[in-house]
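This report looks at a few selected places in one protein chain. The sequence and the structure come first, and the notes follow.

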Amino acid sequence: MFCTIHLSKSDPTPLYIQLASELAHLIKIGEIPERTKLPTIRTLSRKLKINRDTVVNAYKVLENQGLVVAHVGSGTYVSPLTSQKDYESETNLQTISCSTLSFNKDYFPTSLITQLTEQIIALEGWGAFSDPLYRERNLLRQSICQFFKSVGIMTTPAQIRFPKDFCTFLLELLKVHPSSTICVEAYHDLTYSSFLRSLGFKIIEIPLTDDGLDLTYLEKQLQTEHIGFIWVSSYVQNPTGISYSPECKNRLIELAHLHHFYIIEDGTLSDFTYSHECLKPLYTLDSHGQVIYLHHFSKLYLPPLQYTFIALPNSLHKKINDPVACTFNERLLHFYLESDALGSIRQEIIEKSYLAYLKVYEALSAASHLLEIYSHKGSLFFWIKPTKISSEAFYDCFLRHHIIISPGEVFTLKSKCTYFRLSLAHLDDHTLPLMIDCLKELSTLEMN
C-alpha cells in the first residue's frame with residue numbers, strides 16, 4: 001500500500017506535508033487499518049527515497065491530528081477509528097497553514113471573476129474572444145509596465161513577457177546561454193531548481209553573508225564553472241532575512257558582465273519589504289543588459305490563473321519568443337490590472353500582512369532567549385533557528401496548536417538544516433490570535 005504514495009519535489013508544498021496527507025488519506029479510507037504499525041522511519045525513508053527527517057515530521061503531523069499514536073521503543077500505530085472521528089469533527093478546521101506564501105482565497109471570491117467577465121462581455125461582446133490586430137496584447141503589455149512601475153521597475157512594452165507556464169518560459173530563456181550551470185542562493189524555493197535538475201542542469205548553491213550573496217565563494221565558482229545564470233532574491237525574501245547591500249548588487253552586476261552570465265532577479269515579494277534601505281532592484285542598476293526581473297503576479301494577486309510578469313533586458317527581448325495569440329484569459333488579466341479591485345485587494349493584503357508581521361515579531365521577540373529570528377526588517381515570513389531549545393521541542397509547540405510550519409530542509413539541497421520558516425500569508429483576524437497564543441507558550445519553554 002505504501003508503494004502508492006506519490007511525492008513531488010517540484011510541488012511547492014513541503015514534502016513532509018505531502019507525505020502526511022498521503023498517509024492520512026490511506027488511513028481515512030481504510031487502506032491502513034486502525035492499530036496497524038506504520039513502517040519505521042528508516043524503512044519508509046529508504047522506500048520513498050526521502051530524508052529521514054521528512055518522515056519524522058510527517059509522523060508528528062499525523063500524531064498531532066490524532067491519526068496515529070507513537071509508543072517509545074515500539075513504533076507508531078494507527079489510532080482507533082473513534083479518535084480519528086473525534087479529531088475530524090473537533091479540530092480539523094482549526095489547522096493553520098503557515099508553510100506556504102499563498103494568501104487566503106477569501107481575497108479572490110468567484111464574484112470577482114464574474115464581475116470582470118460581465119464587464120468584458122458588455123464592452124466588447126464576441127470581440128472579447130479574438131484579437132486579430134494584436135491590440136489587446138499591446139494594451140496588456142502597457143498595463144504590466146504600469147504594474148512594474150509600482151514596484152520600482154521602469155521598462156517598455158517590448159521588454160515584457162507574461163507566460164502562463166513559467167517552466168516552459170524558463171526553458172526558452174535557458175536556450176539563450178550555452179551553459180547548463182545555474183547558481184542559486186543557499187536557501188531558496190526548490191520548485192524550479194528541482195525542475196531544472198530533473199532536466200540535467202547543474203545547480204550550485206551560493207552561501208549568503210550579512211550583505212547578500214557570498215561573492216568570494218561565487219568568484220571561486222566562476223574560476224572553474226561556466227555559469228549561465230544566477231537566481232537571486234535581492235530583498236529580505238530569501239529565507240535568511242538578508243537584503244543585498246548596494247555594494248553587493250553593483251559587484252554582482254559587474255561579475256555578470258565580466259563572466260557573461262545573466263542574473264534572474266525574483267522580486268515577487270517586494271510589496272512586503274517594510275524597510276526602504278535596500279529597495280532598489282538590481283534591474284534598475286543594470287547598464288549592461290544582464291538582469292532579468294520576474295514577478296509571479298498570480299501567486300500573490302490572482303491565484304486561479306498562473307501568470308508571471310517578466311521584464312527582459314534590451315539584450316534579450318528580441319531573442320525570446322512572444323506568442324501573438326491573445327485568449328480570453330489575457331483579456332481578464334488586462335481588465336483586472338486596470339480595475340479598482342486589484343488596487344483594493346493589494347492594499348488590504350499588504351496592510352494586513354504588515355499588521356501580522358508586527359504582532360508576530362513582537363511575540364517572537366519574547367522568545368528571543370531561545371532562538372534566532374531573521375526577516376525582522378519585514379517580509380511575509382520569519383526564518384527561525386532554535387538555539388536554546390531542541391528543534392523537536394520548537395516544532396512540537398506549533399503542532400500542539402495545530403500550526404504547520406516549514407522545516408529548513410525544503411529550501412536547500414543540504415541534507416540537514418536547523419532552520420524553520422513561519423509564513424504569515426494565511427494569518428487572518430481569527431488565526432492571528434491563535435498564533436500569538438502559540439508564541440506565548442513558546443517563550444515559556446525551558447532551555448536545554
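In which helix is the place of Thr 431? Thr 431 belongs to helix H16, which covers residues 431-443. The model described here is a predicted one.

Is Thr 431 buried or exposed? Its relative accessibility is 12%. Because buried means under 20% relative accessible area, Thr 431 counts as buried.

The side chain of Thr 431 has a polar atom 2.8 Å from the backbone nitrogen of Asp 428. When neighbours within four places in sequence are left aside, Thr 431 is in contact with Ile 96 and His 426.

Strand S14 spans residues 381-386 and is mostly covered, with five of its six residues buried. S14 pairs with strand S13 (residues 371-374) in the antiparallel sense, over four bridges. Within this part of the model, Ile 384 in S14 is the bridge partner of Ile 373.

S14 is also joined to strand S16, residues 420-423. Four bridges link S14 and S16, and the two run antiparallel. Which residue in S16 stands opposite Trp 383? That residue is Arg 421.

## The cavity

How many cavities of 30 Å³ or more are there? The count comes to one. The largest cavity has a volume of about 50 Å³.

The lining of the largest cavity includes Phe 103, Tyr 107, Ile 349, Lys 352 and Ser 353. Ala 356, Leu 424, Ala 425 and Leu 427 also line the largest cavity. Sorted by class, the lining has seven nonpolar residues, one polar residue and one charged residue. Lys counts as charged, and Lys 352 is one of the lining residues.

## Two loop residues with positive phi

Lys 49 is found in the loop between helix H2 (41-48) and helix H3 (52-64). Its phi is near 60 degrees, a positive value in a residue other than glycine. Lys 49 has a relative accessibility of 71% and so counts as exposed.

His 260 is placed in the loop between helix H10 (246-259) and strand S10 (262-266). His 260 is not a glycine, yet it has a positive phi of about 60 degrees. Is His 260 buried or exposed? Its relative accessibility is 59%, so His 260 counts as exposed; the cut-off for exposed is over 50%.

Where does Gln 290 lie? Gln 290 is in the loop between helix H11 (282-285) and strand S11 (291-295). With a relative accessibility of 11%, Gln 290 counts as buried, whereas His 260 counts as exposed.

The side chain of Gln 290 has polar atoms within reach of two backbone oxygens. The backbone oxygen of Phe 261 lies 2.7 Å from a polar atom of this side chain. The backbone oxygen of Ala 256 lies 3.4 Å from a polar atom of the side chain of Gln 290.

Which residues does Gln 290 touch, not counting residues up to four places away in sequence? Gln 290 touches Ala 256, His 257, His 260, Phe 261, Tyr 262, Ile 263 and Pro 313.

Terms used:
Residues are numbered from 1 along each chain as its sequence is written. This is a predicted model: local features need pLDDT of at least 70, side-chain atom pairs count only at pLDDT 80 or more; totals for chains, interfaces and linings use all residues. Side-chain values use heavy atoms; hydrogens and water are left out. Buried means under 20% relative accessible area, exposed over 50%, partly exposed in between (1.4 Å probe, protein chains only). A polar contact is a pair of N or O atoms within 3.5 Å; within protein, one must be able to donate a hydrogen and the other to accept it, and residues adjacent in sequence count only if both atoms are side-chain atoms. Contact means heavy atoms within 4.5 Å. On a 1 Å grid over the protein atoms alone, a cavity is a set of points where a 1.4 Å probe fits but cannot get out, and a pocket is an open set with protein on both sides within 12 Å along at least five of seven lines; lining residues have an atom within 4 Å of a point. Grid points are joined across faces, edges and corners, and a volume is the space filled by probe spheres set on the points. Two strands pair if DSSP finds at least two bridges between them.
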